[in-house]
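These entries record what I looked up in the structure shown below. I kept them in the order of the work.

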Amino acid sequence: MFHPLAAIVLCAGKGERMHSLLPKTLHPLLGKPLAYWPLSLAEKLGATPLVAVLGHQREQVEKSLRTVWEKAPLHFAIQEEQRGTADAVLAARQALAGFEGDILLMAGDTPLLKEGSLQTLLSMHRETGALLSFLTSHMKNPQGYGRVLRQEGKVVAIIEEKNATQEQRALCEINAGCYVAKASFLWEALALLLPNALTGELYLTDMVEMAAKAGVLQTHAIEEEEALGINDRQQLAQATACMRQHILYAHMRAGVTVFCPQTTWVEAGAQLGRDCMLGPNVFIGGNSILEEGVRVEQGAMVVDCHIATGVHIKPYSVLEGATVGPGCVVGPFARLRPGTRLGEAVHIGNFVETKNAVLHRGVKANHLSYLGDVDIGEASNMGAGTIMCNYDGFAKHRSVIGKAVFVGSDVQLVSPVQVGDGAWVAAGTTVTKNIPDNALAISRSPQHNKLDYALQLKEKKQKQKQNNKP
Ligand code: UD1
Ligand code: MG
């Protein structure tokens, strides 16, 4: 049987306890804004419409969330003034006009809730015909959360910490801030709410007492960690630690080796193929894709890259916005910057930097080079210290190097230049003109050897030293 479900995610609050210029719900958690997590969970549960309530710094929040929900429908409702969580839900009423069914209500700051827990909550809610159901948790330190008040085991109300007595504060069962309500009950209950005497805010938690009085009310208890609400930076760090571990474990279950889970980071948007191996202190971020069998060694950082199968990234390399072809070897200490595209079996060695560079199959640049704004043809070899002089102080210029070109050590190519297929560039050359196919380019001052000069110089110096002695 089809049960209509809509969702409202509250993202309008000031987030004062973060002490931040950035809106709380945009603080990043493993590469995604905080609000992404409850919103995407509601989406997974099939909630339509899906409404985010915005208020404080709403333009910024909307812009950021729109980039995540580019195609899928996400509606925005505006809470003009931050008058509490119930007021925020009321701001979404218009967006859900005519909707009859269950409404999932979530806070934008509870990122660790699991799909399974919400499924259980929803089934309980539907099976019992409850007016309202919500998630609770038993916390060792319940400080800051609303406490669940029970009489003879039955929930009677939620009391916010600010309003709680000493005795109530000692209660360890807390409100996780995630509810399912029948739409009809929700709107009726919210219309009757009165501002809290202490803060003047409309508390969503006050509808619990109404549901308790009116009929069936359900709760489902979840793990302490899952219920974590992010109100300050300490809680953000706690959530980050948990989420980091969840992501790593999921990759491990799918066939990725993580040698040191204590130090490895894989952000939420990254995809890893089977038999990838990640060394200690590795960071895989953004929307990176690592195909099967990619080895990433100690301390390497890969952000927004596509890494093909069998690539070996050696220690302390930094790759950003790069596409790396199958079987490439990169590093140690390499830096691939945005716009780098490596074909198959390219070798990039230590202290080589690439940017807007297309290196075709089998190119080797193994030592100390800057390869910016350049196309390099198949099987060419770039010697140690090759520098593309791509910037003339005003504009960037691009060069093209052909196939099977041999560039000796310490060569500068002043862009734009073209180097023909099979050409050789002698060590120490500064290339300022195009080089035809199969030609040798050399620009060096001729070398003179003065025979025995070194010996004579040494003798002269020694004599001077003796003469100077007192
Ligand atoms: C809230 C609950 C508390 C629960 C805790 C769980 C209330 C009154 N209290 O407290 O019982 O234990 O969550 O984490 O509901 N928001 C708005 N507009 C507002 C105020 C808040 O959109 O006017 C949004 C916030 O952006 C946030 C969410 O609602 O995403 C919760 O608000 P927050 O201030 O974090 O409430 P807590 O003090 O954590
Ligand atoms: Mg909170």
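How many salt bridges does a search of the whole structure find? I found 17, taking a salt bridge as a side-chain nitrogen of Lys or Arg within 4 Å of a carboxyl oxygen of Asp or Glu.

**Basis of the entries.** I worked on a predicted model, in which local features need pLDDT of at least 70, side-chain atom pairs count only at pLDDT 80 or more, and totals for chains, interfaces and linings use all residues. Residues are numbered from 1 along each chain as its sequence is written, chains are lettered from A and ligands numbered from 1 in the order in which they are written, and side-chain values use heavy atoms, with hydrogens and water left out.

**Salt bridges.** I looked up Glu173 and found it bridged to Arg150, with 2.7 Å between the closest N and O atoms. This pair links distant parts of the chain, 23 residues apart: Glu173 is in strand 10 (residues 173-182) and Arg150 in strand 8 (residues 147-151). I took helices (H or I, at least four residues) and strands (E, at least two) as DSSP runs, numbered from the N terminus. Glu173 is buried at 9% relative accessible area, whereas Arg150 is partly exposed at 35%. For these words I used under 20% relative accessible area for buried, over 50% for exposed and partly exposed in between (1.4 Å probe, protein chains only).

I next noted the bridge between Glu209 and Lys213, whose closest N and O atoms are 3.2 Å apart. Both residues lie in helix 7 (residues 207-214), 4 residues apart, about one turn of the helix. An α-helix has 3.6 residues a turn, so residues three or four places apart point the same way. Glu209 is partly exposed at 35%, and Lys213 is exposed at 70%.

I then examined Asp373 and Lys355, which are bridged at 3.3 Å between the closest N and O atoms. Asp373 lies in strand 28 and Lys355 in strand 27 (residues 347-359), so the pair ties together parts 18 residues apart in sequence. Asp373 is buried at 8%, and Lys355 is buried at 10%. Salt bridges with shared partners join Lys355, Asp373, Asp375 and Arg398 into one network.

**Metal site.** Which residues coordinate the magnesium ion (ligand 2)? I found Asp109 (OD) and Asn231 (OD1), at 2.0 to 2.3 Å. Donors are N, O and S atoms within 2.8 Å of the metal (3.2 Å for Na, K and Ca); water is not among the atoms, so sites may look incomplete. Asp109 is in the loop between strand 6 (102-107) and helix 4 (115-128), and Asn231 in the loop between strand 11 (217-222) and helix 8 (233-253), so the pair ties together parts 122 residues apart in sequence. Asp109 and Asn231 are both buried.

I also checked Thr110, in the loop between strand 6 and helix 4. Thr110 is buried at 4% relative accessibility. A polar atom of the Thr110 side chain lies 3.3 Å from the backbone oxygen of Ala107.

**Two helices.** Just after helix 1, Gly46 takes a positive phi of about 85°.

Terms used
Polar contact = N/O pair within 3.5 Å; in protein donor to acceptor, adjacent residues only side chain to side chain.
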